[in-house]
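Have a look at it first, then read on.

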Amino acid sequence: MNQPANNPISNNQTAKLALSDGTVFTGTRFGAEGEYFGEVVFNTSLTGYQEILTDPSYNGQIVTMTYPLIGNYGINADDIESGRLSLRGFVCKELCREPSNFRSTQSLDDYLRANNVIGIEGIDTRALVRRIRTEGAMTGVLSTVDLDDASLVAKAQQSPDIVGQDLIKDVMPESAADWPTGLHEMLLDQVTPSSHQSNEGDKDFHVVAIDYGMKWNIPRHLKQMGCQVTVVPGTATAEEVLSHNPDGVFLSNGPGDPRPLDYAVGTIRDLLGKKPIFGICLGHQLLGLALGGEIFKLKFGHRGANQPVLNKETGRVEITSQNHGFALSGETLAEGTEVTHINLNDQTVEGIRHEGYGAFGIQYHPEASAGPHDSHYLFGEFRKMMAN
Ligand SMILES: NC(=O)CC[C@H](N)C(=O)O
């Protein structure tokens with residue numbers, strides 16, 4: 001192999017993934033070397049691996065791609081959803097080592113190595129996904145340094161569970177800042193007048209986005225529809241949020257279990273009824289908790305770009321991009337909260353609204369990136385809410 005002299009790698013090309021149920025997969029290493037534990041999950045998207053790698057919501061997780069060939073269009077400077085890779089490992093059936101795309105500047109192998117993420121290829125990802133679907137998502141260890149099966153399984157069993165951990169503190173910004181840019185020009189033809197063009201005159205709304213590990217395509221969408229966007233850390237209090245005098249408050253996606261995040265729920269509770277609120281994914285779950293709801297863990301989660309969701313109001317089915325392992329129960333929500341969207345695979349709650357407070361939450365990703373654009377209209381709904 002032709003490696004630069006300042007980035008030596010050992011000759012060890014073997015990597016192992018051990019699950020807490022005792023299953024061990026042996027494959028070929030790519031990317032970095034080392035050892036990490038995480039919750040092992042799978043994503044069914046055919047493309048979008050770069051957006052997945054940079055989605056901060058994967059903090060604490062080892063992500064398996066079900067599509068069998070990954071890396072074929074390389075890595076580019078535009079398709080990133082945050083400034084770093086927060087996931088704990090990346091698993092695929094076959095890594096493409098010769099990417100071909102006019103935008104590609106780097107191979108996936110080099111990108112993972114540069115960002116200290118271990119990749120494993122050449123394992124039976126169908127068997128792994130069947131295991132996760134049957135047993136549920138579980139903790140695993142991915143290693144290139146310890147190749148002893150019994151030792152790895154013991155480590156997987158001793159590693160902490162994702163439930164009950166605060167994982168947003170690792171990925172949120174430290175201070176407030178203005179968001180600078182709209183959507184990438186390649187995405188502009190996807191933007192429809194109803195979702196992004198203001199019909200409320202020339203008013204520029206000011207949105208404060210509470211960032212729990214926000215995917216960048218969300219503030220890009222808000223900016224694209226003419227909003228000024230101020231991003232504040234996920235620890236912000238209601239007082240700090242209101243000090244910016246916003247027209248609306250956005251609650252971002254983010255990693256892990258929403259239940260330990262009392263401080264975030266408290267802030268949202270203090271904001272209810274004071275400003276229009278729109279939450280996506282973790283933001284939706286936190287809004288649900290603030291409205292008296294309960295969170296439960298899904299057996300293996302929804303991760304992919306092909307999840308069917310029914311909009312109960314219009315009867316329209318949207319194909320959506322998703323990444324979540326927890327969900328809001330529809331049973332215990334405060335009076336006045338209605339369930340607006342339902343997942344058609346398992347009937348779980350995908351959207352809620354409290355008309356009186358002017359607040360709504362969506363469990364999936366209307367910003368797509370990567371994924372279908374069926375749900376862009378939700379940004380327009382937020383704008384309408386701010387106009388009223
Ligand atoms: N993408 C997200 O915001 C994920 C929400 C939450 N961490 C979950 O897994 O359910």
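## Ground rules

A residue counts as buried if 20 or more other C-beta atoms lie within 10 Å of its own, as exposed if 12 or fewer do, and as partly exposed in between, with C-beta atoms placed from the backbone. Leu282 has 31 C-beta neighbours inside 10 Å, so it counts as buried.

This is a predicted model: local features need pLDDT of at least 70, side-chain atom pairs count only at pLDDT 80 or more, and totals for chains, interfaces and linings use all residues. Residues are numbered from 1 along each chain as its sequence is written.

## The annotated site

An unreviewed UniProt entry carries a "binding site" annotation on Ser57, Gly254, Gly256, Leu282, Gln285, Asn323, Gly325 and Phe326. They are spread over 270 residues of sequence but cluster in space, with a largest C-alpha distance of 13.2 Å. UniProt positions follow the numbering used here, feature names are shortened, and annotations may be inferred rather than shown by experiment.

Leu282 is found in helix α9 (residues 282-290); helices (H or I, at least four residues) and strands (E, at least two) are DSSP runs, numbered from the N terminus. Leaving aside neighbours within four places in sequence, Leu282 is in contact (C-beta atoms, placed from the backbone, within 7 Å) with residues including Ser57, Tyr212 and Gly254. Gly256 lies in the loop between β13 (248-251) and α8 (262-271). Is Gly256 buried or exposed? Gly256 is buried, because 28 other C-beta atoms lie within 10 Å.

## Around the ligand

The residues around the ligand, meaning those with a C-beta atom, placed from the backbone, within 6 Å of it, include Ser57, Asn253, Cys281, Leu282 and His324. Strand β16 (residues 317-329) gives the largest share of this shell, four residues.

By class, the shell has four nonpolar, seven polar and no charged residues. Here Ala, Val, Leu, Ile, Met, Phe, Trp, Tyr, Cys and Pro count as nonpolar, Asp, Glu, Lys and Arg as charged, and the others, Gly among them, as polar.

## Cores and a tucked-in helix

A nonpolar core is a set of buried Ala, Val, Leu, Ile, Met, Phe, Trp, Tyr and Cys residues joined through C-beta atoms within 7 Å. The largest one has 52 residues, of which Ile210 and Leu286 touch the most other members. Helix α9 gives the most to this core, with five residues. A second, separate core of 41 residues includes Ile52, Ile62, Leu87 and Ile120.

Helix α6 (residues 217-224) is largely enclosed by the rest of the structure, because seven of its eight residues are buried. Among them are Ile218, Arg220 and His221. Gly226 follows α6 and has a positive phi, near 90 degrees.

Terms used. Contact = placed C-beta atoms within 7 Å.
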